[in-house]
Amino acid sequence: MNSTSQIAIIGAGIAGLSCATALQHAGLKVSVTDKSRGPGGRMSTRRGGDESAPWQCDHGAQYFTATDTAFKLEVARWCEAGVAARWTPRLKAIDGRERHSAEDNTRYVGNPRMTSPAHFLAQPLALTLQSSVKELSRDGDHWRLLSAESGLSKATFGAVLLAIPAPQAAPLLIQIAPSLSAIAANTKMRGSWTLMLQFAAPVSLPLDAAFVGSSVLGWIARDSSKPGRSSLESWVLQATPEWSEAHIEDDANNVAAVLLAAFTQLGGPNPQTWTAHRWRYADTELSPQIGCAWDAELGIGMCGDWLNGGKVEGAWLSGQQLAQQVLASM
């Protein structure tokens, strides 16, 4: 790989976009590919309804904090651009337990939706969406991508960087980079069920968000309390990782019935409508905590929150770290 080589990044979540931004800023040619309809990964927002009654709900990451100096500066840049804002909810711990200091930090959300920072980062990048990469193949000293939608890429790449969940990275790498594949294969990621609720009027609960900590519910939030939201009253319910894992293959209607019952026990009313979403890879049970992984000889690397303790901040820092390692090997 040299300074004229094009770099392929698979995954347009915060880790992939962070890595791509750093590399492009250093003068390298970067191409980002993602299987979804838009960038953001688990910084995701669902929208629905019609013009008379639109609704939106952040159904992945609920908020993010910033403790690292570099990430604080990045979040300040997002806020200055209007794509992020501070969120100060009426927050409670319904289970009564004291929360760790990290949970008392300033909370930020995307503005006007959680996907906004990702769209901001993606704007100057070459981004291909709805393209599922199924295989990496060698072409001399370069790589080609084989996607389910477009077949073998015409472009060749001096390096390929995977910014996707561990269970998706492992099979792509097993034949070409077994040591990196092993890192991904030995990382257990957990699923999560999320339920999005819509109401005709404000819900009369004395809170905007809560850590629940029951056997079923882990988090509830009044999504419409976040900055920039101007749609129907919307709430998000997130099941605990343990309950989600045990019921990951359940029918969405059955999942909704259980989560709604838990919500009504907390004093919440039945919604007008609801939408369920299953995240197969929502968080990491035990992160390798290595930041990122890079094989300079092969020109293959990995970044993502699952390599760096989870959370949005961990994802952004992981992308930055991988970019630094790539640049250092040139």
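Thr284 is placed in strand β17, which spans residues 273-284; strands (E, at least two residues) and helices (H or I, at least four) are DSSP runs numbered from the N terminus. This is a predicted model, in which local features need pLDDT of at least 70 and side-chain atom pairs count only at pLDDT 80 or more, whereas totals for chains, interfaces and linings use all residues. Residues are numbered from 1 along each chain as its sequence is written, and side-chain values use heavy atoms, with hydrogens and water left out.

Thr284 counts as buried because its relative accessibility is 15%, where buried means under 20% relative accessible area, exposed over 50% and partly exposed in between (1.4 Å probe, protein chains only). Leaving aside residues up to four places away in sequence, Thr284 touches Thr187, Lys188, Met189, Arg190 and Trp306, a contact being heavy atoms within 4.5 Å.

**Accessibility and backbone**

| Residue | Relative accessible area | Class |
|---|---|---|
| Thr284 | 15% | buried |
| Gln130 | 47% | partly exposed |
| Ala328 | 66% | exposed |
| Lys311 | 69% | exposed |

Gln130, which is placed in the loop between β8 (126-128) and β9, is another residue other than glycine with a positive phi, here about 55°. The peptide bond that leads from Asn111 to Pro112 is cis, with omega near 10°, and Pro112 sits in the loop between β7 (107-110) and α3 (116-122). As background, most residues other than glycine have a negative phi, and most peptide bonds are trans.

Strand β12 pairs in the parallel sense with β1 (residues 6-10) over 4 bridges, and strands count as paired if DSSP finds at least two bridges between them. Within this pairing, Ile9 has Leu161 as its bridge partner. Strand β12 also runs parallel to β19 (residues 300-303), to which it is joined by 3 bridges, and there Val160 stands opposite Ile300.

Leu161 is also one of the residues with the most contacts inside the largest nonpolar core, together with Ile9, Ile14, Leu23, Phe64 and Trp78; this core has 51 residues. A nonpolar core is here a set of buried Ala, Val, Leu, Ile, Met, Phe, Trp, Tyr and Cys residues joined through side-chain atoms within 4.5 Å. Not counting residues up to four places away in sequence, Leu161 touches Ile7, Ala8, Ile9, Ile10, Cys19, Leu23, Trp294, Gly301, Leu322 and Val326. A second, separate core of 24 residues includes Val133, Leu136, Phe157 and Ala170.

Ala170 is among the buried residues of helix α4 (residues 166-173), which are Ala166, Ala169, Ala170, Leu172 and Leu173. Those buried residues are covered by elements including β9, β12, α5 (178-185), β13 (189-199) and β19.

Strand β10, residues 142-147, is antiparallel to β11 over 2 bridges, and Ser147 has Gly151 of β11 as its bridge partner.

Of its 14 lining residues, Thr33, Thr128, Ser131, Leu145 and Ser153 are the closest to its centre. On a 1 Å grid over the protein atoms alone, a pocket is an open set of points with protein on both sides within 12 Å along at least five of seven lines, a 1.4 Å probe being used, and lining residues have an atom within 4 Å of a point. The lining divides into 5 nonpolar, 8 polar and 1 charged residues.

Definitions and conventions: Nonpolar A, V, L, I, M, F, W, Y, C, P; charged D, E, K, R; others polar.
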